[in-house]
Amino acid sequence: MKEATTVTNSTLDTDLKEKVGRWLKVWGPGLIVMLADTDAGCLITAAQSGAQWGYAMVLPQLLLIPILYMAQEMTVRLGIVTGKGHGALIRENFGKFWAWVSAGTLAVSAVGALLTEFVGIAGVGELFGISKWITIPIATVLLIAVAFTGSYRRTEKIGVLVGLAELAFIGAIFFIHPNLSEMANGLMTIPWKHSSYIYLVAANVGAVIMPWMIFYQQSAVVDKRLNMAAIKKAKHDTLIGTFLTQGIMILFVVVFAATIGRAGSHASLSSVGDLASALGPFIGSDTAKILIGVSIMGGALVAALVVALAGTWGITEVLGWKHSLNEKFDRKSAGFYIIYILAHVIGAVLVLANVEMVQMAVFVQVLNALMLPIVLGLLLMLEAKALPKKYRMHGWYKYTVTSLCLVVMAFGVYMVGPTVGLW
């Protein structure tokens, strides 16, 4: 009897290990792209939202969860079923013109995003008295080195581990003790008549759903060589990542709503130093520096990795070049690695050189807003055209996804006006 029990337990352990092993082979693309989504710029936007509008900004973050998941879930099916990245599918289905439009705007957008990440990295270093001339070169070398590991899976694991540093900010919640009744009241408050509130909601939409995420995840599932049997698990990976990234955004909103927002402070929150300085009086200067510094450094590093890869994949797919992290550096794959290196080097040099980036930042923000309708529109059309009927959306889910994407596209267009001063 003992032997039978031992054999049964052994079989159960083996089955469990096999299931976990199969899941671990699939997980990653959704998680890493979502961790990259909460980069330095996004976290600053979330902090500003909480400081200015308190708990009223929690509801928009909750509503973005299904939209974010649905958009990224489409890339999972497109990548796994077709075996092609987003840029390659656009070229194949809509021609070279639209492929070049998507690749060109993605490239500029990626460099703009990289500037944000390097500014964030420099800001974290300066919190602790370390010059950007030390932090940025070190970060650049490390980010470039990660891509030369010769394996997408290895690169992904490193990115996820670094990105998980964002969870350090959970510690802040134990210092602030948010008022639950005020939070519940905030969830029921929608000050839609205030243009500044609508603008911040639009900014949060742009901060959560970014064009480069679509390019990255579709190419990632291809580079990871996932097959049709992995679609369900890949969706679960994306869902977990979605709740994780939005959980971090909500955490920043709540912490700054319960402190700066509640105190009615009008402190400027446009940099890493601003966040730490504003939060310091409530949780302690050193604690604020550590929690802000670790979380933003993790987000900035994983975002820099993902954004550079998304841009590189998008461009090389359109060009028809080899574009895999599983290929070691040689003459055939040199173009892929050179573009990846240049993306980091250009971003680092511009930040180190103190180039006047105000106009560039405005341009990139407008470009991102304009890209969102283009990218989401192409994504919906690809889902309907490039996939076999069996793998397409159907019924109520199709109409829900399409409707939500149209709402996001409308917010993307709306962002252009206030950014360039039209309204």
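## A buried lysine and its partner

K224 has a relative accessibility of 3%, so it counts as buried. Keep in mind as you look around that this is a predicted model. The side chain of K224 meets that of E156 in a salt bridge, with 2.5 Å from N to O. Because K224 sits in the loop between helix 12 and helix 13 while E156 belongs to helix 8 (residues 152-163), the pair ties together parts 68 residues apart in sequence. E156 is also buried, at 3% relative accessibility.

## A network of salt bridges

The structure holds 6 salt bridges, and a network of them links E73, R77, K235 and E383. E73 pairs with K235, their closest N and O atoms being 3.3 Å apart. E73 is in helix 4 (residues 58-82) and K235 in helix 13 (residues 231-263), 162 residues apart.

How exposed are these two? E73 is buried at 2% relative accessibility, whereas K235, at 25%, counts as partly exposed. R77 and E383 form a salt bridge of 2.6 Å, N to O. R77 lies in helix 4 and E383 in helix 17 (residues 358-385), so this pair joins parts 306 residues apart in sequence.

## Where helix 6 meets helix 7

Helix 6 (residues 96-127) packs against helix 7 (residues 132-147) at about 130 degrees, the axes being 9 Å apart. That angle makes helix 6 oblique to helix 7, and their crossing is right-handed. The residues of this contact comprise 6 nonpolar, 3 polar and 2 charged.

Conventions:
Residues are numbered from 1 along each chain as its sequence is written. This is a predicted model: local features need pLDDT of at least 70, side-chain atom pairs count only at pLDDT 80 or more; totals for chains, interfaces and linings use all residues. Side-chain values use heavy atoms; hydrogens and water are left out. Axes are lines fitted to C-alpha atoms, for helices over the stretch in contact, and angles run from 0 to 180 degrees between N-to-C directions. Helices (H or I, at least four residues) and strands (E, at least two) are DSSP runs, numbered from the N terminus. Angles under 35 degrees count as roughly parallel, over 145 as roughly antiparallel, 65 to 115 as roughly perpendicular and the rest as oblique. A crossing is left-handed if the near helix is turned anticlockwise from the far one by less than a right angle, and right-handed if clockwise. Ala, Val, Leu, Ile, Met, Phe, Trp, Tyr, Cys and Pro count as nonpolar, Asp, Glu, Lys and Arg as charged, and the others, Gly among them, as polar. A salt bridge is a side-chain nitrogen of Lys or Arg within 4 Å of a carboxyl oxygen of Asp or Glu. Buried means under 20% relative accessible area, exposed over 50%, partly exposed in between (1.4 Å probe, protein chains only).
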